[in-house]
Amino acid sequence: MIESVNGDKPCVLLIEPIPSWIVDRARDEFDLIVLPHESERPAEFLENTDRIRGIAMPGFAKVDAALMGLMPNLEIIACFGVGYDGADVDYAVQHGIAVTNTPDVLTDCVADLGMALILATLRKIVEGDRYVRDGRWESEGILDLSNSPRGRCLGIVGLGRIGLELAKRAEAFGMEIAYHNRSRRDDVSYTYHASVTALAEACDVMALTCPGGEATQNLIDAEVLSALGPEGYLVNIARGSVVDEPALVQALLERKIAGAGLDVFAAEPTVPEALFTLENVVLQPHHASATIETRTAMGNLTVDNLLAHFKGEALPNQVA
Ligand code: 8YV
């Protein structure tokens, strides 16, 4: 929807979904153009693109060179999320457009959901819930036994802020921690593996907490999944793009891995239908940061970054 033109305030394109109360706050501060994610760009929008000086967007929304090219006066892209892989950062840098994100405020909630997915898959929590609701406990007796996280190795791909918090939670459940990063960290004592395949061979549960984007596209492929093996679980709270999704579906269908907990997918909100019938898969609708508290903090930080820019102040969270 194109809102009223208010010449006094900087014009900002806001790409949904962003919580309504954050949109309200943004409306107080900016002359807003609000568009749903992936919507057709209406003619009315195209007539107004030269007014746009800022964009507020979920980090995964596609803001490519073609879209930015329609906005000759664009100065800043404020991503609502820690990831900013949806924005063409190279184009932004070349054109002097600043890029910001919302780190830290979501770390705990994302790590919480990562741990929840580890527990949900290993302990068959969702499967058990379905078993009770379907009356199978009464008709078929006890559910198959589940697996304890205790003593199992969690292999973290991308030991950054979220990975470290996930490691802390997993340690509290008695898990050993190993990780893969581009280089070894000297501030942790966790076991380092120089490749994802070596990590997959060594761990029982592989959790993805690395950034999306070209550098990690299809990092987890058929070879890595086969190294994870029939007793291994995959948990993805990073980006769908990090996993070769057809290879993952095949590995799950053929029981080449034991199960998966997935919050993110290659073509959200479309999820491969083959996964819907699998008992050993727990699915979430990209919900890791989706608490009222965290999304509010993320939204406020997004607006704060835009405000700082338009006031000529240092940006709280500039990434490019
Ligand atoms: C959000 C995210 O789901 O931080 C990220 O990179 O993917 C998430 O926190 C998203 O940005 C909000 O829609």
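This is a predicted model: local features need pLDDT of at least 70, side-chain atom pairs count only at pLDDT 80 or more; totals for chains, interfaces and linings use all residues.
Figure 1. Arg 239 places a polar side-chain atom 2.9 Å from an oxygen atom of the ligand. For His 286, an N or O atom of the side chain lies 2.8 Å from a ligand oxygen.

**Figure 2. Seven strands form an open sheet.** Read across the sheet, the order is E8-E7-E6-E9-E10-E11-E12. The pairing is parallel. Which strands are at the edges? They are strand E8 (191-192) and strand E12 (281-283). Each of these edge strands pairs on one side only.

**Figure 3. Strands E10 and E11 run side by side.** E10 covers residues 233-236, and E11 covers residues 259-262. The two strands run parallel, joined by four bridges. Look for Val 235: Gly 261 in E11 stands opposite this residue.

Figure 4. Find Asn 181 in the loop between strand E7 (176-180) and E8. Is Asn 181 buried or exposed? Asn 181 counts as buried, because its relative accessibility is 15%, under the 20% cut-off. A polar atom of the Asn 181 side chain is 2.6 Å from the backbone nitrogen of Leu 159.

**Figure 5. Cysteines stand without disulfides.** The disulfide count is zero. Cys 79 is in no disulfide, and the nearest cysteine sulfur, in Cys 210, is 17 Å away. Cys 79 is buried, with a relative accessible area of 1%. A disulfide needs two cysteine sulfur atoms within 2.5 Å. Cys 109 is buried too, with a relative accessible area of 17%.

**Figure 6. Two proline peptide bonds are cis.** Most peptide bonds are trans. The bond from Glu 16 to Pro 17 is cis, with omega near 5°. Pro 17 belongs to the loop between strand E1 (11-15) and helix H1 (20-29). The bond from Glu 268 to Pro 269 is also cis, again with omega near 5°. Where is Pro 269 found? This proline is in the loop between E11 and E12.

**Figure 7. Two loop residues have positive phi.** Most residues other than glycine have a negative phi. In Asn 218, phi is positive, near 55°. Asn 218 is in the loop between strand E9 (205-208) and helix H10 (222-228). With a relative accessible area of 36%, Asn 218 is partly exposed. Arg 255 also has a positive phi, near 55°. The loop that holds Arg 255 lies between helix H11 (245-253) and E11. Arg 255 counts as exposed because its relative accessible area is 51%, over the 50% cut-off.

Conventions: Residues are numbered from 1 along each chain as its sequence is written. Side-chain values use heavy atoms; hydrogens and water are left out. A polar contact is a pair of N or O atoms within 3.5 Å; within protein, one must be able to donate a hydrogen and the other to accept it, and residues adjacent in sequence count only if both atoms are side-chain atoms. Two strands pair if DSSP finds at least two bridges between them. Buried means under 20% relative accessible area, exposed over 50%, partly exposed in between (1.4 Å probe, protein chains only).
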